[in-house]
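Student: I have just opened this structure and would like a guided tour. Could we go through it one question at a time?

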Amino acid sequence: MTRPTPRDASRRRLVATAAALPVIAALPHTARAQARFPERPITIVVPFGPGGIADLTARAVGEHMATTLGQSVVIDNKPSAGGIVAAQAVTSAKPDGHTLLLMSNANAVSVGLFKKLPYDPVKDFAPVGTLGYFDLGIFVPANSRFATLADMVAFAKANPGKLNVGTIAIGSTQHLSAKLFETVAGIEALVVPYKASPAVLTALRAGEIDVAFEIVGPMMPQVSAGAVKALAVTSSQRNAALPDVPTVAQAGVAGYDVASWNALAAPAGTPPAVIDALNKAAREAIAAPSVREKLGKLGMRLAASSPAELQALLTSEIKRWGDVIRAAKIEPE
């Protein structure tokens with residue numbers, strides 16, 4: 001038998017090394033593929049029209065996220081009842097993190113308002129995290145007979161069905177907040193839904209309604225002008241724009257805590273590493289002074305969360321508003 005030469009041994013080592021190369025090279029390739037996110041512009045689908053609070057929130061946050069992630073962020077407005085069109089567009093998108101939904105409590109409310117949704121709001125989304133909360137206020141005309149929330153509740157209890165409460169459309173956060181207040185405060189009121197917030201304000205100033213449930217931010221010019229006053233804010237903490245106004249609980253109605261909220265979510269199946277990158281970028285955005293200033297003017301309480309915390313919030317909100325809808329005997333569409 002021929003004795004192996006040093007050249008033969010060297011050749012065998014090269015062959016063995018070459019055979020191992022595909023396996024070794026696969027790991028850096030995977031790492032590079034994950035590191036490339038985002039590969040193209042990111043779209044945030046907003047379930048409301050341009051110019052509203054949700055739209056302005058998405059634009060302020062998206063602009064900063066674009067700087068952090070190194071890709072532009074495009075806002076795609078798809079308004080519809082219950083936010084269904086926007087939500088369905090996101091659940092139908094490729095789960096790679098390039099298409100996001102500006103989620104809100106409307107996504108939780110829609111579960112109780114519609115007999116069947118074309119998606120599951122819990123299972124078909126991968127939560128990214130919350131952006132912040134919008135407090136509601138309980139407003140009365142400047143010349144109202146009610147000086148405090150306790151005055152309003154006392155009147156309602158003494159005169160069942162005589163307190164006229166204005167909100168926007170049936171099933172809105174404002175409308176359901178008023179219905180929940182009836183239950184928690186133990187009163188019976190006449191809740192009157194209007195098409196839009198300006199109509200509620202006009203009715204309030206004209207004395208057609210006694211009180212209005214509305215988001216704080218849009219009402220602040222009227223408060224500053226002395227046209228209306230706030231009796232309470234609906235969340236668990238006072239609002240920075242109304243530091244002297246108590247919460248509903250502080251005003252004597254315990255167990256009441258309501259706020260509208262915005263968050264980001266991706267299609268289910270989006271890789272955890274991508275969700276982590278998006279969560280980090282969103283956190284950096286709402287921590288930025290420029291973004292905090294913009295959103296603070298809208299009356300938003302900025303608050304970041306983990307994906308798991310957003311999942312828990314969505315689940316609890318679905319149950320809570322479902323109970324309110326059933327108690328209010330609102331027939332699902």
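Student: In which helix is the place of Trp321?

Tutor: Before we start, this is a predicted model, where local features need pLDDT of at least 70, side-chain atom pairs count only at pLDDT 80 or more, and totals for chains, interfaces and linings use all residues. Residues are numbered from 1 along each chain as its sequence is written, and side-chain values use heavy atoms, with hydrogens and water left out. Helices (H or I, at least four residues) and strands (E, at least two) are DSSP runs, numbered from the N terminus. Trp321 belongs to the helix of residues 307–327, which is H11.

Student: Is Trp321 buried or exposed?

Tutor: Buried means under 20% relative accessible area, exposed over 50%, and partly exposed in between (1.4 Å probe, protein chains only). Trp321 has a relative accessible area of 1%, so Trp321 is buried.

Student: Which residues does Trp321 touch, not counting residues up to four places away in sequence?

Tutor: Contact means heavy atoms within 4.5 Å. With residues up to four places away not counted, Trp321 touches Val109, Leu176, Ser177, Leu180 and Val258.

Student: How do H6 and H11 lie relative to each other?

Tutor: Leu176, Ser177, Lys179 and Leu180 in H6 meet Arg320, Trp321, Val324 and Ile325 in H11. Axes are lines fitted to C-alpha atoms, for helices over the stretch in contact, and angles run from 0 to 180 degrees between N-to-C directions. The two helices, H6 and H11, pack at an angle of about 75 degrees, with their axes 10 Å apart. Angles of 65 to 115 degrees count as roughly perpendicular, under 35 as roughly parallel, over 145 as roughly antiparallel and the rest as oblique, so H6 is to H11 roughly perpendicular.

Student: What is the distance from the charged end of Arg320 to the centre of the ring of Trp321?

Tutor: A charge sits over a ring if NZ of Lys or CZ of Arg is within 6 Å of the ring centre and within 35 degrees of the ring normal. The charged end of Arg320 sits over the ring of Trp321, and its distance from the centre is 4.9 Å.

Student: How many aromatic pairs does a search of the whole structure find?

Tutor: Rings of Phe, Tyr and Trp (its six-membered ring) pair if their centres lie within 6.5 Å; planes under 30 degrees apart count as stacked, over 60 as edge-to-face and the rest as tilted. By that rule, the number of aromatic pairs in the whole structure is four.

Student: What kind of aromatic pair do Phe181 and Tyr256 form?

Tutor: Phe181 is in helix H6 and Tyr256 in the loop between strand S8 and strand S9, 75 residues apart. Both Phe181 and Tyr256 are buried. Their ring centres are 5.5 Å apart with 85 degrees between the planes, which is edge-to-face.

Student: How many of the residues of S9 are buried?

Tutor: Two strands pair if DSSP finds at least two bridges between them. Four bridges join S3 to S9, and nine bridges join S4 to S9, with both partners running antiparallel to S9. S9 is largely enclosed by the rest of the structure, because its buried residues number nine of the nine.
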